[in-house]
Number of protein chains: 2
Amino acid sequence: MEIQGLPGRLLAELGPAIAAGEIPEGAVLRSEELEERFGVSRTVVREAVRILEGMRLVASRRRVGITVQPRSTWDVFDPLVIRWRLAGSDRPAQLRSLGSLRVAVEPAAAALAARHATDDERRELSSLAVELTMTARAADLETFLRHDIAFHATVLRASRNEMFAHLGDTVGAVLTGRTEYHLMPHQPESYAIRLHREVAEAICAGDAEHAERAMRTIVAGALEELNQQLA
Amino acid sequence: MEIQGLPGRLLAELGPAIAAGEIPEGAVLRSEELEERFGVSRTVVREAVRILEGMRLVASRRRVGITVQPRSTWDVFDPLVIRWRLAGSDRPAQLRSLGSLRVAVEPAAAALAARHATDDERRELSSLAVELTMTARAADLETFLRHDIAFHATVLRASRNEMFAHLGDTVGAVLTGRTEYHLMPHQPESYAIRLHREVAEAICAGDAEHAERAMRTIVAGALEELNQQLA
DNA sequence: GAAACCAAATCGTCATACTTTTGAGCGTGT
DNA sequence: ACACGCTCAAAAGTATGACGATTTGGTTTC
């Protein structure tokens with residue numbers, strides 16, 4: 001998943017710094033400066049910058065340098081950009097944005113999944129729902145999180161829509177970030193758990209409307225809780 | 001918006017070819033081959049490949065070459081990837097995916113817009129709705145399309161959610177592609193026009209629920225129409 | 001037949017030189 | 001004082017040659 005090699009190292013330094021605003025919008029970097037700062041060659045700097053340019057985080061212009069672009073031009077759907085923002089100082093804003101996105105997408109995905117999921121996927125959802133129930137009772141937060149991520153990713157994948165499916169990792173990052181954020185909450189609420197079971201059952205039964213409604217309750221609840229935490 | 005220079009030229013050749021499947025999944029390119037084929041230097045090839053790698057279209061490995069990745073790993077939210085796919089042979093699939101995405105996102109964005117839009121944006125929506133009505137009557141398809149794009153982009157922007165806002169361009173591409181696709185339809189249906197006005201009014205009035213419902217009707221209708229066209 | 005080994009292919013990195021664009025300063029003329 | 005254009009230098013863009021690192025696949029050896 002990660003970008004490899006020395007350019008990858010540069011990216012891992014510059015990306016988060018820009019995403020967090022440490023290198024502010026409008027700041028100008030020169031490639032020679034970067035070469036020295038990281039002790040790498042022109043080639044490496046250029047390739048790293050090219051990648052950042054692809055994400056629209058920076059723009060490189062002759063005679064002026066590499067300028068950090070305003071947030072509004074960033075490719076906010078790029079998985080790396082999302083991760084960097086989640087890791088840095090505007091994690092709250094990023095979580096809020098993603099929260100709204102989930103409220104929009106996941107119910108629709110659940111409805112589609114009810115229609116298009118394979119038998120394997122339906123089975124997997126059922127079993128994940130059971131796992132969730134059990135690990136919640138055991139207050140095993142870590143494996144609970146893992147299964148929660150798998151559950152939502154499976155629903156998204158089962159929607160048979162590539163774009164929804166690709167949000168699986170992102171949602172995973174959100175769930176992880178959220179868990180870290182309110183530092184291991186008071187055991188997962190049984191209400192949310194029941195809703196997950198409901199989603200699984202509705203998808204198994206091919207009941208799109210029910211699946212959508214239950215999923216909407218889940219993600220809307222998560223968003224509300226998030227907004228309280230960040231208030 | 002475009003990527004500049006010689007790497008940009010390479011991208012403009014390779015990207016669409018890969019997106020269209022002309023260079024199939026698993027195909028292997030060697031950088032030397034690309035240098036010769038395009039008459040450019042290693043530097044240029046490497047930078048172009050790096051960008052494609054950033055989009056997860058290809059992966060470069062030592063001793064093996066540059067291999068085209070399976071579709072499932074592509075960054076399907078990358079604006080360039082979307083454009084390339086829309087331009088090529090899997091435009092239908094891409095339009096379907098984007099259609100579902102619109103059904104999920106735009107109603108939610110309309111609801112948010114009803115709450116968060118600035119006065120300017122509300123004014124702009126009203127005036128765009130009027131323009132739509134008029135150009136539809138005049139059967140001026142080109143300016144109709146332009147205003148339609150502006151309308152949806154404004155709603156997305158007014159949602160005050162960066163991720164929604166960034167889908168503005170994508171939705172624009174969809175609308176353009178759709179118009180080209182069923183080659184200038186029998187003048188825009190007055191029903192859809194009325195719904196646009198309804199969305200604008202609801203957002204002006206701050207009626208989130210109404211805005212959401214009307215917008216959902218619009219995009220769901222568009223998706224249904226699309227599925228008929230592609231059936 | 002399996003394990004160790006070797007060699008070729010290919011990308012990865014570096015150093016350097018040359019080219020192209022463009023911003024800024026300077027000067028000239030109105 | 002202002003505008004216009006000229007020149008120069010700074011920075012990215014491109015090209016090239018050399019070397020390093022790594023993976024693959026075949027070959028040898030036990």
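A residue is called buried here if 20 or more other C-beta atoms lie within 10 Å of its own. By that criterion, helix 5 of chain B is mostly covered, with 20 of its 26 residues buried. The structure is a predicted model, in which chains A and B contact each other and residues surround DNA strands C and D.

**Architecture of chain A**

- Chain A contains ten helices and three strands, arranged along the sequence in the pattern α-β-α-α-β-β-α-α-α-α-α-α-α.
- Taken along the principal axes, the C-alpha atoms of chain A fill a box of roughly 60 × 35 × 30 Å.
- Of the 231 residues in chain A, 45% count as buried.
- Among contacts in chain A with a separation of 6 or more, 68% are made by residues 24 or more positions apart.

**The sheet of chain A**

- The three strands of chain A form an open sheet in the order 1-3-2, with antiparallel pairing.
- Strand 1 (28-29) and strand 2 (58-61) of chain A stand at the edges; each has a single partner strand, so one side of each lacks a neighbour in the sheet.
- Strand 2 and strand 3 of chain A run antiparallel and are joined by four bridges.
- A:Ala59 is placed opposite A:Thr67, which belongs to strand 3 of chain A.

**Relation and contact of the two protein chains**

- Chain A is superposed on chain B by a rotation of 180° with 0.0 Å of shift along the axis, giving an RMSD of 0.1 Å.
- This is the relation of a two-fold axis.
- Both copies use the same surface, since 100% of the contact residues of chain A recur in chain B.
- In the contact, 21 residues of chain A meet 21 residues of chain B.
- Helix 3, helix 5 (91-116) and helix 8 (162-181) of chain A each supply at least two residues of the side that touches chain B.
- Helix 5 of chain A gives the largest share of that side, eight residues.
- The residues on the side of chain A that touches chain B comprise ten nonpolar, five polar and six charged.

**Helix 5 of chain B and B:Ala104**

- Helix 5 of chain B spans residues 91-116 and bends by about 30° at B:Arg102.
- B:Ala104 lies in this helix and is buried, because 26 other C-beta atoms lie within 10 Å.
- Across the chain boundary, B:Ala104 touches A:Ala104, A:Val105 and A:Ala108.
- B:Ala104 and B:Leu11 are 93 residues apart in sequence, and their C-alpha atoms are 31 Å apart in space.

**Surface near DNA strand C**

- Of the 20 residues around DNA strand C, those that come nearest are A:Gly5, A:Leu6, A:Val40, A:Ser41 and B:Arg30.
- Helix 1 (5-19) and helix 3 (42-54) of chain A, together with helix 2 (31-38) and strand 3 (65-68) of chain B, each supply at least two residues of this surface.
- By residue class, the surface near DNA strand C has six nonpolar, six polar and eight charged residues.

**Surface near DNA strand D**

- DNA strand D is surrounded by 20 residues, of which A:Arg30, B:Gly5, B:Leu6, B:Ser41 and B:Arg63 are the closest.
- Here, helix 2 (31-38) and strand 3 (65-68) of chain A, as well as helix 1 (5-19) and helix 3 (42-54) of chain B, each supply at least two residues.
- The surface near DNA strand D divides into six nonpolar, six polar and eight charged residues.

Note on methods. Residues numbered from 1 in each chain as written. Chains lettered and ligands numbered in written order. Predicted model: local features only at pLDDT ≥ 70, side-chain atom pairs only at ≥ 80, totals over all residues. Bend = angle between axes of the 7 residues up to and from the residue. Buried ≥ 20, exposed ≤ 12 C-beta atoms within 10 Å, placed from the backbone. Least-squares fit on C-alpha atoms with pLDDT ≥ 70 in both. Contact = placed C-beta atoms within 7 Å. Near = placed C-beta within 6 Å. Nonpolar A, V, L, I, M, F, W, Y, C, P; charged D, E, K, R; others polar. Pairing = 2+ DSSP bridges. Lists of a residue's contacts leave out its neighbours within four places in sequence.
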